[in-house]
Amino acid sequence: MAVRDDGQGRKRAAAGGGVFAGDGQIHRDLAAVDWAATPLGRPESWPQSLRTAVGILLSSRFPMWMAYGPELTFFCNDAYRRDTLGRKYPWALGRPSREVWTEVWEHSYSRITTVLSTGQATWDEALLLLLERSGYPEETYHTFSYSPLRDDAGTAVGMLCVVSEDTERVIGERRMATLRDLGSDPSVARTEEQMLAFAGRQLTRNPYDLPFTLTYLYDEDGTARLAGRTGLPAGHPAAPARLAAAGDGEGAGDGDGAGDGRPGKDPVWPARQAAAGEPSVVELVGEPFAALPAGAWPLPPTRALVVPLQRQGAGPYGFLVAGLNRYRPLDDATRGFVELVAGHLAAGIGSARSFRAQQRRAEELAELDRAKTAFFSNVSHEFRTPLSLIMGPAEELRAHLAGAGPEVRGELEVIHRNALRLGKLVNTLLDFSRIEAGRMQARYEPADLATLTAELASVFRSAVERAGLAYEVDCPPLAQPVHLDRGMWEKVVLNLLSNALKFTFDGTIRVAVRDERGQAVVTVADTGVGVPGHELPRLFERFHRMENARARSHEGSGIGLALVRELVALHGGTITADSREGEGTVFTVRLPYGHAHLPADALVAGGGGPAVTAVADPFVQEALRWLPEAEPEPEPDAGDRGGGGSGARQRAGAAAGGPFDVVVADDNADMRGYLTRLLRGAGHRVRAVGDGRAALEAVRADPPDLLVADVMMPRLDGLRTVAALRAAPRTASVPVLMLSARAGQEASVEGLEAGADDYLVKPFSAAELLARVRATVELARLRSHHARWRRALTDAMQEAFFVCDGQGAVVEVNAAFTRMLGFGPEDLPYPAVPPWWPAREAEPEAYRQVADAFGALVEQGAGTHTLPVRHREGHRLWVSASLARVHDPDSGRSMVVGTFRDVTAERYAVRRESAVAALSLRLSRAGSTAQALDGALEELCGLWRAGSGVAAVFPAAGPPQVTAWGAPAAWDALDGGLREALTALRDGPRLAPYADGRGGVGVGLEHPRGPMAVWLGLGAGRPFTDRDGTLLSLLAGHLAQGLARAFQIDQQRETALALQRAILGPAALPAGFAVRYEPAARPLEVGGDWYDTVALADGRIGIVVGDCVGRGLQAAAVMGQLRSACRALLLQDPRPDRVLLALDRFAADLPGAGSTTVFCGVLDPGSGRLAYSSAGHPPGVLVGPDGATRLLDQGRSTPLAVRGRSGTRPYAQDVVPARALLLLYTDGLVERRRRPLSEGVERAGATLREGRHTGTRELAALVMERMAPPDGYDDDVALLLYRSPAPLEVDFPAEAGRLAPVRRQLREWLDRCELPAQTVQNVLVAAGEACANAVEHGHRDAPGGTVRLRAEARADRLYLSVADSGRWKPPEPEAAPHRGRGLALMRALMQHVTVTPGAGGTTVAMDTRTAP
Amino acid sequence: MTTPLTFTSYVRADGVSVLVATGEVDLSNSADFAAATDAALAGAAGRLLVDLRGVEYLDSAGLNELLIRAGRLEIVAGTLLAPLLTISGITELTTVYGLTGGGPTGVVAPWAAEPPA
């Protein structure tokens, strides 16, 4: 190895012709290889492509290796040596790759074959390789790409591999998946066995990290019982069914047949240590571990980790034994993983056990309910006796104790009132059952219906008036009596009145009797809340009660109206109801006269008797209790409550059993008072309210320990009160004990579904109420403990987890969610369109995706989607979202739960894989370095969604050449910071990506013309990860290769063009003409197309455009001869038809000249007259100033030398109008496969029309560009464009005497332009002024200069310029006031005037519209 | 080569002095134009009528000569020069006849009936 000093004290390896220049160990080691002995030979002889590839390799900091040449000789760089090669270094350098990678050659060789045969790069993500680099075979994962290396001819002869290691990520994701699976059990509550079986199934799915597991649970006596196992068969010696008591110490396992079978020795697993809560590692040596399963690996585990299943506040439930993957070290990550698995199991066991306890209790309660229901249904008829025994003595006591204290009288009143009420209820029920059984004993007597009804009505007067209602009783006497059972009629009228009072809050109650069509009619009308239409048909149904109706009370059995209907029916009458919601209700009873409709044996003679009996009393008493004034509110003791917040204080410190803060809500004042007394008596603090709304307010004001609420309450019933409490986070956890008179399973389920914690049916004993109050409060405390535990569980989940309520608002997120998206629980709840959704306006497509996914839940219930979301910091994440609609068992509401898994990396990996392919394709199709660079830059920007991309090439001389996408394409126009960054990349190592941390990334690489720097502007906040870096490096490598290849094409192309131009066309074109020649994009060769112009003696111009068959040098030679011949013929005889005829003869003798197509024309530029003839050539196109387009399709005949040597050719004459365009071309311009030629011609015409206002040369370029197929022209194209008249160009000496002749020339030219006279005059004056100025000012101090006048007429615009070689003096108004007038005139006469002074003279440019 | 420009002057029957210019006026001969106008002014009894209907081209140099004498002459011109004369502002300094295309030239034109002020 030759070493020289570079003069700065640094040693450089100079061997190998500088290929290995560099100061690293790798450079020296590479230089030391005996390359002559390899198929590649000495480095000095290596092709440029190999040297470039080695250069890329060595300068990169990413791990790379490459294989090159017939034996795939191995190279690698320093990073690869360090990360992967290990001990094979430096032995591997220069060896065949097959020898270097024998152990993984199977993987490598197939990929290399693919790369070499298809030229496409491979991409392997996270491939498993067992590497021996740490002293044992180690499970590793690598992501790598093989991309082809091409030799100088473009053939793939090797490959370059870029590698990055993924081991941590792959294993981490695998473990995360297992933890996620463990947490994914859809069933919330189940048995311990089910939970363990589910967990077992999940653990079995990860045989990599957990080749086997055993779960032992401690029984009460301390024995450890095998409760779950994965990977091991039943009865395996390593999995004994029982391990002796954890506390037994040395005596473990003795005497028990199911023990570990090793009496006197240590048990198989350290159960005792685990019971103490300590994890331990067990080396798996010895007899029980002889035949362990290997899991996913070739060999079984050598160690197991024993981890206790921790229980909060007590000893562990048991322990988990996890057999460990022998191909991974037992590091913190592994320990942490096993501990998390154990944590999941422990949590599951805890939840299953507490569920079992709750279930047991629920069953006991249900049994109690059943017994009670049976009891009540059996004994209801027994009520009457005890009731009368209560009422009688109570009445007597009232009389005896008339003089007693108010408290005693108050208690007696309560007893009396409620005994009355109960009696009424029981009577009604008994009446009803009698009717049902047909045992009703009626006694019909003729009665004065009007009087009787009026008397009954009067009973209610005081109650109605106390309610603030008007009361109208209109009962005129009827002509004849009606047969009635007085007792029944009393119930009819009282029930209807009681009903009216209950539902009427203001207005009137009206009772009327009248005769109508032979029937007696009684109406009871109110102006109350009314009955909704859909309720009307069920109004008279038994036990039907209107839900949610506003009423004075919700007391009642729902049987009153049903009874009324039955009673009326017994009288042979009918009852109907007519009602409007919000307006009132009218009940109409119709009774027939006479007695024919009644059973004869039930008729009695009229006996008179009192209209109102004792039956009325309970009705009125009850009604009065609904009215506010009647309420003897049991006064809550104000001292009890103390200041606000006492509830919270007491709650926090309350020991089991109270005292508690209780809110009591019941609309029945007696019940309210009774509950209050009862609870206060037990030491609790009570606030009593009369309805649900007041209860809600009381709870919100200061959340109590418990709410005791009746189901039936006015304003807001109990069920809805609970629902409202549960909906607000502040009150959601307040336990509720529901009271109701409605017995039965269904009613309690309804209450519990609404969110009540317990349900108590009236009547109840004081002891039962107090016990339930205590139990409910304690259970709620237990539940909040569960809520905390559940919180810990969800936070332990590796996936982001969230819960949405029924309205879609996000009400819960876990810790992983916050880590992933940046949104934490502190801002809960989040709205239904939470901030992590893509913005609706900015990203409508992404927004729609997310909205659709959630919308689909309504129909499908569950789904998994890959969705774009936004991190709090603004960057985009892709998540795999599992969403499910679930029924919340607590509230009965429908909710959405979901998990997010971050798949951003995976998604981008897929995108990138396709990006490598896309870039390779772009590069392989590029016909030039410029195209390659343009395409590549677009791909790069697209891939990273960069707002801008800039590539700067730094040639040896001259300024940097900039290609840009979304940024200015000129070095000087670039931002200063960007210029610095690009320059830094130029001077830095090749293919080493650099990110500036502010959203800009760049990479340096080699462009054939010099170092190149690529810079992408990703925008702030966009992360650029290591994986992005790897990819950018890889793509930059591809780009460098692609550019080198495209550069070769560039060079070939330039050679071909130079050759063609040497053969083609006149050096100087006549004025007014523009030409273009473009060789076919590929294959790149000289062609047979040509154009020519010939200046004829009389001022006319010969025009030729031709196309020889074929291409290549042969065709070019034929073309050259035909062109020369045509030129000579035109000069000799300027008749196009005769020229072509002569050319026919010439071509017949010239091999390869047959079938050439030629257009030959002779143009008089003065008059625009054009004579032409076409030998099979596509027609010329003529476009007038107004856009009128026609084809020069006359004078046509066959291509050259097709018809032999004789005959004539046709000939046509036409005129090119003033300011018109003439286009001649070869067929390559317009011919497209599978498209008619006329379509191309039409398109060419359209392009001319569109561009008829532009200059001839620009227009020619535009036509070429517009007509070009996407991949470039596939045939040669020659194009000749002429605009009539040719622009005028006059140079004249700067003398005043020259002005008039110049003016004359201009006038003649303007006449040829066929412009309006006034326009001509304006242009003349403006031009004259400019010329005069040039003469007068420009050359005042320097006579002898020249002035140049140029005029050009386009379709509807005229352009003038006057340039002098002197210097204009600015006008000096005081010296010569008229001097500035010339410029003013120009400005007045022309539309645009610009004066551009310069060192070499001044130019005045003017233009004006010429069309009228 | 000089720019073609000829002058004729006469006194009309109503006593108005008229100078008729024919040809083109530009930088090269504006001095001649000025001299001829001055001579006609010297011989005129009142204001001079300069007839430009035969002038095919008039540039700012010629215009300038008219402008500095505008107080002493009136102009008759054809529509060809109308934009130029209007733009130059001379129509605000003196009377310019015929800009909108007056009567036939040569014989007495409508404007001629009015005596110059």
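Start with the whole structure: a search over all chains finds 54 salt bridges, a salt bridge being a side-chain nitrogen of Lys or Arg within 4 Å of a carboxyl oxygen of Asp or Glu. This is a predicted model, in which local features need pLDDT of at least 70 and side-chain atom pairs count only at pLDDT 80 or more, while totals for chains, interfaces and linings use all residues. Residues are numbered from 1 along each chain as its sequence is written, chains are lettered from A and ligands numbered from 1 in the order in which they are written, and side-chain values use heavy atoms, with hydrogens and water left out.

**Salt bridges within chain A**

Select A:Arg353 and A:Glu192. Their side chains meet in a salt bridge, 2.6 Å from N to O. This pair links distant parts of the chain, 161 residues apart: A:Arg353 lies in helix H9 (residues 332–379) and A:Glu192 in helix H7 (residues 192–204) of chain A. Helices (H or I, at least four residues) and strands (E, at least two) are DSSP runs, numbered from the N terminus. A:Glu192 is buried, with a relative accessible area of 7%; buried means under 20% relative accessible area, exposed over 50%, and partly exposed in between (1.4 Å probe, protein chains only).

Next, select A:Glu516 and A:Arg514, a salt bridge whose closest N and O atoms are 3.0 Å apart. Here A:Arg514 is partly exposed, at a relative accessible area of 35%.

**Helix H16**

Select residues 616–626 of chain A, which form helix H16; nine of its eleven residues are buried. Among them are A:Phe619, A:Val620, A:Leu624 and A:Trp626, along with the charged residues A:Glu622 and A:Arg625.

**Chain B**

Chain B has three helices and five strands, in the order β-β-α-β-α-β-α-β from the N terminus on. Of its 117 residues, 53% count as buried. Contact means heavy atoms within 4.5 Å; among contacts in chain B between residues at least 6 apart in sequence, 56% join residues at least 24 apart. Chain B exposes about 5200 Å², with 58% supplied by carbon and sulfur atoms; accessible areas come from the Shrake-Rupley method with a 1.4 Å probe, and for residues only the protein chains shown count as cover.

**Where the chains meet**

Bring chain A back and select the contact, which takes 24 residues from chain A and 20 residues from chain B. The two chains bury about 1900 Å² between them, 60% of it on carbon and sulfur atoms. Buried area is the accessible area (1.4 Å probe) that two parts lose on being put together, summed over both. On chain A, pick out A:Arg1303, A:Gln1321 and A:Arg1381: these supply 27% of the area that chain A buries against chain B, more than any other three residues.

There are two salt bridges between chain A and chain B. In one of them, B:Glu24 pairs with A:Arg1303, the closest N and O atoms being 2.6 Å apart. The pair crosses from helix H34 of chain A to strand S2 (residues 17–25) of chain B, and both residues are buried.

Finally, colour the chain A side of the contact by element. Helices H34 (1299–1312), H35 (1317–1338) and H36 (1381–1389) are the elements giving two or more residues to this side. H35(A) provides the largest share, ten residues.
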